[in-house]
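Subject: Handover of a structure

Dear colleague,

Please find below the structure that I am passing on to you.

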Amino acid sequence: MEAFFTKAIEVRDLVKIYGGGVKALRGLSLSVEEGSIHAILGPNGAGKTTLIRILTTQLVPTSGSASIFGLDVVKRASEVRKLIGYVPQEVSLWTDLTGYENLLIYAKIYGIPPERRKDIVEEVLSMMELKEASNRLVKTYSGGMFRRLEIACALMAKPRLMILDEPTIGLDPSARKTVWEKILEYKKEYKTTVFFATHYMDEAEKYAGEVSLIVSGNVIETAPPDELRKKAGGDRVYLKLDKSIDGARDLLMKVEGLKIVRESGEEIEMIVNGALTVLPTIILALQSNGLQIKEIRIREATLDDAFIALTGKRIAEEEGNIRELISERKMIRRGA
Ligand SMILES: Nc1ncnc2c1ncn2[C@@H]1O[C@H](COP(=O)(O)OP(=O)(O)OP(=O)(O)O)[C@@H](O)[C@H]1O
Ligand SMILES: [Mg+2]
């Protein structure tokens, strides 16, 4: 049966080929329920920002379609813009102005009537806990305050859909947490749909109801984080023995649901289904073959593991590029 309710976002077979011939999106499809929090997770260059630029009507797709609450983003761009609040990946503030002045400019851009601007600016400032800092120049803000101010700008028009491109990139863990608390408070109050792009697995895992994994311009899987983690294939187990694992390999290979992912010298890493139940048997078997365990670590599969299992790639591999993005944001902020 066709879905009865309009989706917050509906993307079908979206293709974007840039001028130079770069195929950034290769037939990408996804849909986002109204009221949900949906993350797109993927390495550098996967096409996240390109998708977001199309959804926010800044770019026109080469082919395929995208709609926001049933409105086509190309044909009905000006109506779409009124429904979304957008926090871009790039810096979007004037650093030589105060927080208050920045918000006033955005209030004007969003077409908020002059007599209401002051109230709305005050409201979003206190919502993002920036009231005290509002008369300071933005270039003196911390990374977290800076990002919260950018989010405040996007919220002034009370959007039905919030689109955030890397909302916490480059922030320390406590600033990241505060940014998310503020987003969630706002969402709770206004029942906003939240769509965000991220490199950070833990944020997708913690805050998103559904996660779409994006690689090379395609969605390869969409599911709630828990389901994605299950696709990683089982618990991760690390063992260090008192001698070379050569004597243990045959024995381990016989264990059902056990897969060796790396081994060298006395160390071995495995994926084991239901590790806590199976491990005692493995340990006993190793000991009866004269092998002692010097170290053992077990952890549940993470989204990162699922990503590797499904794509063969690791998001963290692109760390270098993330650092570039971060320092770029810092440089602009300091006015360099
Ligand atoms: N304006 C442009 N002109 C040409 N190619 C572009 C342009 N913008 C992006 N690209 C290319 O399109 C691909 C997708 O880029 P995009 O910025 O959408 O990825 P992303 O997933 O947001 O990456 P990141 O995680 O680094 O933000 C990349 O290969 C990128 O180099
Ligand atoms: Mg991007």
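Two strands are said to pair if DSSP finds at least two bridges between them. Helices (H or I, at least four residues) and strands (E, at least two) are DSSP runs, numbered from the N terminus.

This is a predicted model, in which local features need pLDDT of at least 70 and side-chain atom pairs count only at pLDDT 80 or more, while totals for chains, interfaces and linings use all residues. Residues are numbered from 1 along each chain as its sequence is written, and chains are lettered from A and ligands numbered from 1 in the order in which they are written.

The pLDDT is the predictor's confidence in each residue, from 0 to 100. For the protein it averages 89, and 93% of the residues score at least 70. Where pLDDT is low, the predicted coordinates should not be read in detail.

Six strands form an open sheet with mixed pairing, in the order 6-7-8-3-9-10. Its edges are strand 6 (84-87) and strand 10 (218-223), each of which pairs on one side only.

Strand 7 (161-165) runs parallel to strand 6, with four bridges between them, and G85 stands opposite M162. Strand 7 is also parallel to strand 8, through five bridges, where L164 has F196 as its bridge partner. A residue is buried if 20 or more other C-beta atoms, placed from the backbone, lie within 10 Å of its own. Five of the five residues of strand 7 are buried, so this strand is largely enclosed by the rest of the structure. L161, I163 and D165 cover one side, and M162 and L164 the other.

Ligand 1 is surrounded by 15 residues, the closest being Y18, A24, K48, T49 and T50; a residue counts as near if its C-beta atom, placed from the backbone, lies within 6 Å. Helix 1 (residues 48-55) gives the largest share of this shell, three residues.

With kind regards

Key
Contact = placed C-beta atoms within 7 Å. Axes fitted to C-alpha atoms, helices over the stretch in contact; angles between N-to-C directions. Buried ≥ 20, exposed ≤ 12 C-beta atoms within 10 Å, placed from the backbone.
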